[in-house]
Amino acid sequence: MDTKYLEIVKGPVITEKSGNASQNNVYTFKVDPKANKVEIKKAIEKLFHVTVKEIRTLNVKTKKRRVGRYSGLTNRSKKAFVTLEDGQTIDLG
């Protein structure tokens, strides 16, 4: 397995909403903010041995966080919503 694909795809987003979407062949992943749709598609296809039909991306904005008297921002991130071809699944569990 190539490590550059592991740098692009950080991991799955496992929430109730993403779990319901997986029933419609849509899976959600955290990805590198610098990655584009073509790179994400290649990485998902190589890592999980599936055929990707469509990719939608979302840049997650930073949020203000405070710990005691220190304030700062959360790290920026990116989500990818991956739609697979019919009959294909990814086992995230």
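Modeller: Contact here means heavy atoms within 4.5 Å, while helices (H or I, at least four residues) and strands (E, at least two) are DSSP runs, numbered from the N terminus. This is a predicted model, in which local features need pLDDT of at least 70, side-chain atom pairs count only at pLDDT 80 or more, and totals for chains, interfaces and linings use all residues. Residues are numbered from 1 along each chain as its sequence is written, and side-chain values use heavy atoms, with hydrogens and water left out.

Colleague: How many helices and strands does the protein chain have, and in what order do the elements run?

Modeller: There are three helices and six strands, and from the N terminus on they follow the order α-β-α-β-α-β-β-β-β.

Colleague: How do you know that the length of H3 agrees with its number of residues?

Modeller: The expected span of a helix is 1.5 Å times one less than its number of residues. For the 12 residues of H3 this gives 16 Å, and the end C-alpha atoms of H3 are 16 Å apart, so the two values agree.

Colleague: Which residues of H3 are buried, and what makes them line one face?

Modeller: Ile40, Ala43, Ile44 and Leu47 are the buried ones, where buried means under 20% relative accessible area and exposed over 50%, with partly exposed in between (1.4 Å probe, protein chains only). Seen down the axis of H3, with the arc taken over the directions from the helix axis to the C-beta atoms, the buried residues fall within 95 degrees, and therefore they line one face of the helix. Val38 and Lys46, on the other side of H3, are exposed.

Colleague: What covers the buried residues of H3?

Modeller: The cover includes helix H1 (3–8), strand E1 (9–12), E2, strand E3 (52–60) and strand E6 (77–84). Ile44, for instance, touches Val9, Phe29, His49, Val50, Val52 and Val82, not counting residues up to four places away in sequence.

Colleague: What makes a set of residues a nonpolar core, and which members of the largest one touch the most others?

Modeller: A nonpolar core is a set of buried Ala, Val, Leu, Ile, Met, Phe, Trp, Tyr and Cys residues joined through side-chain atoms within 4.5 Å. The largest has 18 residues, of which Val9, Phe29, Ile40, Ile44, Val82 and Leu84 touch the most other members. H1, E2, H3, E3 and E6 each give two or more residues to this core, and the largest share, four residues, comes from H3.

Colleague: Why is Asn25 called buried?

Modeller: Its relative accessible area is 13%, which is under the 20% limit, so Asn25 counts as buried. Asn25 lies in the loop between helix H2 (16–21) and strand E2 (26–31).

Colleague: What makes the approach of Asn25 to Glu85 a polar contact?

Modeller: A polar contact is a pair of N or O atoms within 3.5 Å; within protein, one must be able to donate a hydrogen and the other to accept it, and residues adjacent in sequence count only if both atoms are side-chain atoms. The side chain of Asn25 reaches the backbone oxygen of Glu85 at 3.1 Å, a distance that meets the limit of 3.5 Å.

Colleague: How do you know that E4 and E5 pair?

Modeller: Two strands pair if DSSP finds at least two bridges between them, and strand E4 (residues 64–67) and strand E5 (residues 70–73) have four, in the antiparallel sense; hence the term applies. One of the bridges joins Lys64 to Leu73. In this hairpin, with two residues between the strands, Gly68 takes a positive phi near 65 degrees.
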